[in-house]
Amino acid sequence: MSQSYEYLEGMARQYAIQAVRYDKEGKFDDAIKNYKKAVEVLRKIISLYPDGGLNNIYKQWVKEYEKRIKDLESMKLAATSQSYIPSNSEDVVNEVIFKEKPGVTFNDIADLVDVKEAIREAIIYPTLRPELFPLGWHRGILLFGPPGCGKTLLAAAVATEIDGVFIHLDAASIMSKWLGEAEKNVAKIFKKARELSQNGKPVIIFIDEVDSLLGMYNSEVGGEVRVRNQFLKEMDGLLDKSFKYFIYVIAATNKPWRLDEAFIRRFQKRIFIPLPNKEARVELLKLYTKGLKLASDVELEKLSEMLEGYTSSDIKDIVMAAHLRTVKELFERHGGSGEPREITVGDFNDVIKSRKPSVSREAVKVYESWYEKFKAV
Ligand SMILES: Nc1ncnc2c1ncn2[C@@H]1O[C@H](COP(=O)(O)OP(=O)(O)OP(=O)(O)O)[C@@H](O)[C@H]1O
Ligand SMILES: [Mg+2]
C-alpha cells in the first residue's frame, strides 16, 4: 500500500483517539468535531482504496462514530451530560476465546510443510517435556508475508491441531472496540491466559494484523504507544525463565516493516510465509480442483507454471472463476438443468488472462529484503 494510505490511516486514528478522549472528558463539542473528521478520513480511505484490507472494519468504525455523533448531538439538545461509557466489560476477554475449534486442519493447507513443523515443535515439545528446556523456550512466533498466502489460515489450523486454549485477537477490531481502553484489555487478556494455562495445556494467543495494533505511529496522543508498551511488558513476563506456563503468542502481519525492533525482538521465531512456489501451486491446484470435473487437456503441472507470482488466495479464486464459467454456461444454455461441462484449459487461460497477481514483483522483493534483515527461524 502506498505511503498515503498509511498516512490517512494514521490521521483517522488520531482524530478518533482525540474524539474519544474529549468524549470521556465531557467536552462534547470537541468530541463531535473530531468524530466527524475521523469519519471523513475513513470515508476517504474507503473510496480511494476500495480493496484495502481493513475496509470492513473502517466501515464499522464509521457507523459507530456516526451513531455517537448523533447521540451526542441529541444529548446536547437535551442539555444532559452523560459521559461516554465504552462498550467494554469483562466479557471482552471471554469473547475472544475460541469455544469451538474453527475446523481447519493442517491438511487443508497446501505446502508450508516446514512452517507447520516449526510451529508444532515450538509448541508441543516444551509442553511435553519442559525439563528439556533449562534455558526456557520461544514464546513468540511472528508469521509475516504477502497477503493471501495462508497466515490466518495457519493460525486457525493451530487452534485445531494443538490441544489447548486458543485466544484470537484481531488487532484492528480491538482498536475499534476498545479505543482508549485497549492497553487495559491487553493486560486482561494475558492475565486470563495465565489463569487458563495453569491446567498444563498450552494457551495460544493469536494476534492477527498485529501491525495495526503495534505499528510505528509517530503519535504522542496515540493509544497505540501505550498498547504497544503494555504488550511488550506482557511479552517480557512470558519470557521470564521462571515462568513455567505454556503461553505462546503467534502474531501475523503483511506489513512487517511497520513493527519496531523492540517488538520484533520479542518474537524469537520469525517465519516467512512466501508466495507459493511451483510445487506448492500444484498442491493448491490439486486441493481446490478436488471436487471439480477437469477436461483431459488440463495439466496441473503446466497450469502451475502459468501461475507464477500469484498468491494462494489468487489461485483459489482462479479455480473458482474457471468453474463458475461452466456453471454460468449451464444456466445460460441449458436453463440450469443437468450438470456443468468439464473445465478446460481454455477456461483457465481466459481467467488467468483477465487477472493479474494481487501482489506485485516489487512488493515481493520488499518482503524478501525484510526477511533477510530480520530472519530468525
Ligand atoms: N497454503 C494455503 N493452502 C490452501 N489455501 C490457502 C493457502 N494460503 C491461502 N489460502 C487461501 O487463501 C485464503 C486467504 O488466506 P489467509 O487469510 O490465510 O491469508 P493471509 O496470509 O492471512 O493474508 P493477509 O495478510 O491478507 O491477512 C484462505 O482462506 C484460503 O482459502
Ligand atoms: Mg490474514
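Leu143 sits opposite Ile271 of S5. S1 also pairs with strand S4 (residues 247-253), again in the parallel sense, over 5 bridges, and there Ile141 has Ile250 as its bridge partner.

This is a predicted model, in which local features need pLDDT of at least 70 and side-chain atom pairs count only at pLDDT 80 or more, while totals for chains, interfaces and linings use all residues. Residues are numbered from 1 along each chain as its sequence is written, with chains lettered from A and ligands numbered from 1 in the order in which they are written. Strands (E, at least two residues) and helices (H or I, at least four) are DSSP runs, numbered from the N terminus.

Strand S1 (residues 140-144) is largely enclosed by the rest of the structure, because 5 of its 5 residues are buried. Buried here means 20 or more other C-beta atoms within 10 Å of the residue's own, and exposed means 12 or fewer, with partly exposed in between and C-beta atoms placed from the backbone. Gly140, Leu142 and Phe144 point one way from S1, Ile141 and Leu143 the other, and all are buried.

As for helix H8 (residues 182-196), its buried residues are Ala182, Glu183, Val186, Ile189, Phe190 and Ala193. They cover an arc of only 115° around the axis, so they end up on the same side of H8; the arc is taken from the directions from the helix axis to the C-beta atoms. Exposed Lys191 and Glu195 are carried on the face turned away from that buried side.

Key:
Pairing = 2+ DSSP bridges.
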